[in-house]
Amino acid sequence: MPEVCIVTDSTADIPGELAEKYNITVVPLKVFFGEEVFRDGVDLTPGEFFQKLESSTVLPTTSQPTPAEFEEYYRPLMDQGASIISIHISSQMSGTFQSAKLAKKIVDYEDLEIIDSQVVSVPMAMMVIASARAAKAGRSRDEILAMIRGIMKSQQTYFVVDTLEYLQRGGRIGKAQAFLGTLLNVKPVLHLKEGLIHPYEKVRGRNKALNRLVQVAEENYKDDKVWVYLTHGNDPETLKTLRRKAEEKLNCTEVRENQLGPVVGTHVGPGLVGLAICKVDGIIEF
Amino acid sequence: MKIYSFDGEDLKMMLVGSVNLLAKSKAEIDALNVFPVPDGDTGTNMYLTLLAGVKEARQVEGAAIGEVAEAAARGCLYGARGNSGVILSQILKGFADALSGQACAGAEDVARAFRMASDAAFQAVADPVEGTILTVCREIAAAFENLAQRYSDLVRITVHAYKQAQAVLDRTPEQLPVLKQSGVVDAGGQGLVTILHGIIRALKDAAAQQDIELFDLAASQQKEFVETRAKDYAAELKYTYCTEFIILGNQIPMGILREELAPYGDCLLVVGDNSAAKVHIHSNHPGLVMECGLKYGALQNVKISNMEEQGQEMRSGPKKNGSELGVVAVAMGEGLNTILQSMGVDTVISGGQTMNPSSEDILEAVNNLPFGNIIVLPNNKNIIMAAEQAAKMADKPVAVIPTESIPQGIAALLSLNPMEGLEENEEKMNSSYQDVVTGEITRAVRDSQAEGLEVKEGQFIGLADGRLSVCGSELAPVTGELIGLMAEEEGSLVTLFFGADVSSGKADGILEALEEQYPDIDFELYYGGQPLYHFLISVD
C-alpha cells in the first residue's frame, strides 16, 4: 500500500512546526503589500503580518498559487509513488482549488485527490491534521477520504469579527453582507456554510459575543466528544478567554490554538476570534 | 321614560353618547396610571378605538341593531389602539356576534350580548387578571342577566347595571395590589364604566328630545392620528399629497401652527412640543404647507408622497412577494428610527408611550410592505395586543415578537437573519429579545409612593425593566444610580439613547461621568430623539 501524503495550502494556517511534525506539505498563497510579494507563512509570519498591516499605508492583496507552483510541490511526492490527498480552501473563496486541479491535469498523476474543503483556516486545519495523523497511523487513502467526508458533514465553524470592513473590501463577505450598515456597534457572528461566509446573528458587546460562540457550539454538540480548534487575528488574550469558556462547556478531547495567517488575515482583519468544532466518535478515528 | 327594545338607531345614539363622554373623561382616565411615568393613555386609546367604531356604525343605513353593532365592531377592530382598545374591540365584537341578524334587541337579548361580550374579552387575553376591565365587563354582564330576569325596561336595567359596575370598579384596588399602592382604580375598567354612563346620558338626552351631535375631538388633538388614510383612494381622495416633516425651532406655537395649516387640507396632525413639532397633512399644496412651517424653524425629514400613486400601487397588489421577510417596528424619535432601519427594519411606525398606533396603522404597514412574510416588533407593552390583532387580520403570515421596549426590539433585531425564513427568525428572536435589561429615565408626572420610593412630581425617575427603581432631582446621578442597579456583570455593554429633551453636550457629559464611575463597563451613546424619556438604556 502506498504511503498517503497530505498536501494543503497556507490558508489552513497550520504553524510550520506542526506541518513538519505531521509531514504536511503546505503550498503557500501570496500576499502583496504594494510591490512587495511575500509567500504566505514562509516569508511572512502571522505576527509580522499584523504588524505590517497596522503600519502599512497600502492595503494588502492576495493571490492563489499557480498550477506550476502546485506542480513543484506535487512532483517530489509523485516520485515517491505516494498517494496524495490535497485539501484546499473553499473554491468559492479562492481560485486555489482550480489551480490545484489544473496542476493535476498537467502532472497527469492518477493517485492525486484534490479536495474542496468548503472552508478555510481552522476547520481546514482540523481536516488536514486529522488526515495527516491518520496517514501516519497507517490508514489507507480511502479510509482517510471517508474521514474527511465525515468531518465536512459534522464540522461547524463560528466566528466573530470586529468589523465587516475587511471582508467587504476583499469581496469575501458572502451572504454576510446582510449584516452591513448597522449603525449600532455590533459584533457580527458569522459561520461557514456551503463554502461561503454566512451571517448567523449579531451580538452587542465582546463578552456576549464570546459567550454566544460557545453557546452555539454547546447547543449543537451537547453530548458529544469533540475536537475544538480555535483561532484569532492578533488577539491572544481574547482567545485565551474563549478557550477557557469552551473547555468549561464542551467535552473536548483535543483543543488547539492557531493564529490567522497573512492571507486569511488580509480578508477578515485583526480582531477575529472563532472556533471550528467537530464530533469525534465515528468520525475522527485513526 | 321606558324602553323595551333597542334598534339600530338607538345603538348609534348610545354609542355616540359613550364616545362623547369618553372624549370628555379621557384625560382623567389617562391619569389613572399605576406608575408616575408619562405613559398613561388608556382613556385616549379607548376613546379613539370607540370613535373608529362609531364612525363606521354611522355609515350604516337602516335600523337593524345587528348590522349597526357589526359595523361598530368592525370599526373598533381596525381602530384598536393599546391593550385596552383591543379588549374593547373584542367586547364590541362579542356584543355584535350575539345580535347578528336581529332588527332589535329586548332586555334578554342585551343581557346575552353583554355576556358574549365579556366572554370575547376574556378570550382576547392570554392571562386574564382580576381587578381589571375584564372583571368590570364580566360583572356588567352578570348585572344585565340578573336585571333582565326582573325587569324589561332597558332604561331601568341600564341604570342599575351602571351603578353595580361602578361598585365593581371601586373594588378593583382590593383585587389588584398595584392599584391599591397607587391609590387608583383600574383605568380600563373606568373606561368601560364611562361607556355605560355615556349610554345612560344618551338615553336621558333622547328622552329630553335633544339631538346629540358626535363630539369629535380627534382632529384638534395633539397625540391622535385618526383616519390618516382613506380606504379607497380613487373614490375618496380629496387631497393628493401626504406631506410630512419635522420643524425644529424655538417656541413653536403649536396651536397657531395647527390653525394656520388646517385650511390646506385634511388629516392634519401636529404633534411634539415647542422645540420639535411633527406635521402631517394631506394637501394639494405641499409647498405652501412647508412655507408655513418654515416660519417657525428648520424643516427636517421632509416626506411628500403622492397618495394617488400609493393607492394604485396598493390596488395592484404587492410587486415583490414570495418568501421574503419584512420587518415592521414601532418607535418614536428620529434617531431611533434611523438606528432601527439600519438594523433591518423596513417600516418604522411612529408611536410608543402615550401614542399607541392602532391595529389598522400596523396592518397598513404590514400590507404595504412588498414582502410575503412580516415580523412586527411592537416595542411597547401596550402595543403588543394591537399588533397581534393586526397579525390576525393580515392576509400574509405575520409574527409578532412581543418586545416591550426599544432595547428589547434591538435585541430581537440582532438575531434577525435575512437569509432565513419567518419561522426560524421568529424562534431566534423570541429566544433573544429578553437578553437585555431595559432602563428608562423620565420625569414623574405626579407625586407617588411606590417600590419604597417617595417620588415628587417633576423629579427624575429611573425604571429598570419597568420597575420604578431610583428617583432624584438631577439627571446625571439618577442615570448613574440606575445603571449601577442594572449592570451587574463586569464587561457589560451599556447603550444609552438620549431623548429629544437632552442636548448632545449634556449627554456627552453624562457619558464621561459614567465612564469614570464604572470603569469596568463599556458604554455607547447614541441619539434616540425619543420624547418624554431622557434616556433609554440597554444593558447587554
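This is a predicted model: local features need pLDDT of at least 70, side-chain atom pairs count only at pLDDT 80 or more; totals for chains, interfaces and linings use all residues.
Is Gln118(A) buried or exposed? I started there: Gln118(A) is buried, because 22 C-beta neighbours sit inside 10 Å. The cut-offs I used are 20 or more other C-beta atoms within 10 Å for buried, 12 or fewer for exposed and partly exposed in between, with C-beta atoms placed from the backbone.

Residues are numbered from 1 along each chain as its sequence is written, and chains are lettered from A and ligands numbered from 1 in the order in which they are written.

I looked up where Gln118(A) sits, and found it in the loop between strand S7 (112-116) and helix H5 (122-136) of chain A. Helices (H or I, at least four residues) and strands (E, at least two) are DSSP runs, numbered from the N terminus. Gln118(A) is not a glycine, yet its phi is positive, about 65°.

Then I checked Glu194(A), whose phi is also positive, near 50°. Glu194(A) lies in the loop between strand S9 (187-193) and S10 of chain A. I noted Glu194(A) as exposed, because it has 10 other C-beta atoms within 10 Å.

**Where the chains meet**

I found 18 residues from chain A and 18 residues from chain B in the contact. Here contact means C-beta atoms, placed from the backbone, within 7 Å. On the chain A side, S10(A) gives the most, with six residues. By class I got seven nonpolar, six polar and five charged residues on that side. For the classes, Ala, Val, Leu, Ile, Met, Phe, Trp, Tyr, Cys and Pro are nonpolar, Asp, Glu, Lys and Arg are charged, and the others, Gly among them, are polar.

**Cores**

I looked for nonpolar cores, meaning sets of buried Ala, Val, Leu, Ile, Met, Phe, Trp, Tyr and Cys residues joined through C-beta atoms within 7 Å. The largest has 247 residues, and Val128(A) and Phe144(B) are among those with the most contacts inside it. H5(A) gives the most to this core, with 11 residues. Another core lies apart from it and has 16 residues, including Phe245(B) and Val270(B). Back at Val128(A), leaving aside neighbours within four places in sequence, I listed its contacts, among them Ile6(A), Ala12(A) and Ile87(A).

Terms used: Two residues are in contact if their C-beta atoms, placed from the backbone, lie within 7 Å.
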